[in-house]
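Here is a short briefing to read alongside the coordinates. Please have your viewer open as you go through it.

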Amino acid sequence: MLAGLSLALLTAAAATPCDGLRNIALHQTTIVSAEVVPAGPFAQSGGRGGAPQGAPAPAPEPIPQHCRVKLVLKPTSDSNINSELWLPTDNWNGKFLVVGNGGFAGSIQGYGDMQIALRLGYATAATDTGHSAADGPNGMFALGHPEKIVDFAYRAVHETTVQSKQLIKTFYDRAPDYSYFKGCSTGGRQAAMAAQRYPEDYDGIIAGALANRHIQMHTAGSARRINLARHPDQAIPEAKAKMVNAAVMNKCDVLKEGFLNNPRQCSFDFSSLLCKGADGDNCLTKPQLQAVEAFYGGLKNSKGELIFSGQALGNPLPALQSTTDFTVSDTVRIWGFQNASYDWRTFDLDRDMPIINSKVGFVDAVDPDLRAFKARGGKLLLYAGWGDTSITPENTVLYYENLLAEMGKDQGDFVRLFMVPGMGHCRGGAGPYSFDTIGTLERWREQGTVPDQIMGRNPQSGLGRPLCPYPQFAQYKGTGDLKDAANWACTAR
């Protein structure tokens with residue numbers, strides 16, 4: 001008893017106080033500030049935001065007292081990576097969680113997840129990936145700054161993780177027992193990248209709605225707009241888009257939930273909508289049929305090679321407008337060609353996709369070989385919403401299937417994919433979009449409890465449903481309330 005007490009006192013005495021962290025020398029890193037933040041609501045510069053105009057803002061949930069450390073990392077002369085690390089001053093759970101970004105990043109976007117992590121007792125960190133609004137909107141930060149693309153691609157998250165671990169060890173006088181990453185969208189790409197490139201960084205990774213094919217995805221988006229500009233006969237008026245969507249849902253939404261529980265259970269022959277006589281709102285012309293089939297089947301080059309996956313059935317086809325008044329994605333014109341005045345009329349998918357990939361293809365996290373991550377005991381929890389209209393859920397399924405093709409079919413001991421019916425991009429929608437990824441990952445990595453299902457619910461409608469490891473899906477038992485999770489069971493059929 002006395003020996004244990006003495007050890008505890010020695011540990012406390014050896015730990016570095018918060019303000020003392022400012023004096024710690026870290027490689028290519030400046031500690032801008034380190035200060036104790038008392039328990040209370042999180043205060044972010046620029047106001048709370050987010051509440052509808054005229055509506056009272058909900059009272060923010062308090063977060064525990066912590067040491068808030070702000071860092072600037074400069075691994076190259078052109079790098080300027082801003083990061084934050086929050087260290088709970090009491091009741092640290094001995095773990096570390098890094099949270100990811102969205103879109104082109106450009107700011108620390110993970111404050112919400114960091115607050116959740118802090119309440120759970122985690123030390124937690126996030127980064128702006130090396131650029132800010134001052135460097136230009138969207139992907140403009142990369143014009144003349146190739147090293148900033150590398151920072152965005154992988155270096156910022158990795159360096160933030162490495163330096164944060166050193167500060168954690170200094171502050172608590174011991175390294176974290178477990179280190180995790182949680183991200184969705186761009187954060188999902190960052191998550192997949194970490195498992196591929198830096199398998200030693202994390203013991204477990206949560207990766208949602210993968211934007212892991214950033215270069216291919218953005219190039220495909222530009223190619224679609226360019227194709228419509230060149231072929232205005234492929235435009236889809238709103239009335240025809242509604243007709244297509246109604247036809248799909250009438251066939252596939254057999255339970256009339258307003259979303260598809262498993263889009264891959266249904267198939268639809270879009271050629272059945274081809275006009276047999278005069279053109280009208282209730283049929284598709286041949287060029288329009290071609291556009292619809294590409295929307296759901298994916299964009300391909302002239303060799304039939306997939307550039308980016310198509311949308312899942314049940315996700316609505318939007319009206320497709322033909323216009324010549326648009327700007328090509330920054331990923332193409334700035335990252336690929338370093339040309340702010342890029343003329344879309346010069347674009348050729350067959351010629352330019354390989355050129356763009358040769359220059360910035362390293363941004364994409366597509367390597368399916370995760371043997372090194374698996375060998376360390378790493379766990380990868382993938383998820384995506386079947387109702388995601390921002391990044392097609394088929395892209396996350398594709399990565400998972402490629403991983404199994406590379407490493408073998410039986411990989412459920414270290415990687416599992418959970419597809420969420422009716423969920424939109426990372427969250428929201430009519431489906432069971434609220435579920436505990438952190439607790440699931442903890443039990444899997446720390447206790448060996450393999451997730452055979454995750455319970456999901458919709459806070460607004462009260463709908464509950466088990467989320468099943470793909471290719472399993474939740475099947476209705478045939479009786480009872482559709483919203484009651486007890487009336488559903490995971491099946492592989």
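Which element gives the largest share of the lining of the largest cavity? That element is H3, with four residues. Keep in mind that this is a predicted model.

**The cavity**
- One cavity of 30 Å³ or more is counted, and the space in the largest cavity is about 60 Å³.
- Its lining is made up of Ala153, Tyr154, Val157, His158, Gln190, Met193, Ala194, Tyr198, Asp201 and Tyr202.
- Two elements, helix H3 (146-172) and helix H4 (186-197), each give two or more residues to this lining.
- By residue class, the lining holds seven nonpolar, two polar and one charged.

**Strand S12**
- Strand S12 (residues 379-385) has seven of its seven residues buried, so the rest of the structure largely encloses it.
- In a regular strand, side chains alternate between the two faces of the sheet.
- On S12, Lys379, Leu381, Tyr383 and Gly385 point one way, while Leu380, Leu382 and Ala384 point the other way, and all are buried.

**Partners of S12**
- Strand S9 (residues 204-208) pairs with S12 in the parallel sense, over five bridges; here Gly204 has Lys379 as its bridge partner.
- Strand S13 (residues 415-420) also pairs with S12 in the parallel sense, over six bridges, and Val420 in S13 stands opposite Gly385.
- Between S12 and S13 the chain passes through helix H11 (residues 393-407), making a right-handed β-α-β crossover.

Technical notes: Residues are numbered from 1 along each chain as its sequence is written. This is a predicted model: local features need pLDDT of at least 70, side-chain atom pairs count only at pLDDT 80 or more; totals for chains, interfaces and linings use all residues. Side-chain values use heavy atoms; hydrogens and water are left out. On a 1 Å grid over the protein atoms alone, a cavity is a set of points where a 1.4 Å probe fits but cannot get out, and a pocket is an open set with protein on both sides within 12 Å along at least five of seven lines; lining residues have an atom within 4 Å of a point. Grid points are joined across faces, edges and corners, and a volume is the space filled by probe spheres set on the points. Ala, Val, Leu, Ile, Met, Phe, Trp, Tyr, Cys and Pro count as nonpolar, Asp, Glu, Lys and Arg as charged, and the others, Gly among them, as polar. Buried means under 20% relative accessible area, exposed over 50%, partly exposed in between (1.4 Å probe, protein chains only). Two strands pair if DSSP finds at least two bridges between them. A crossover is right-handed if, with the strands pointing away from the viewer, the path from the first strand over the helix to the second runs clockwise.
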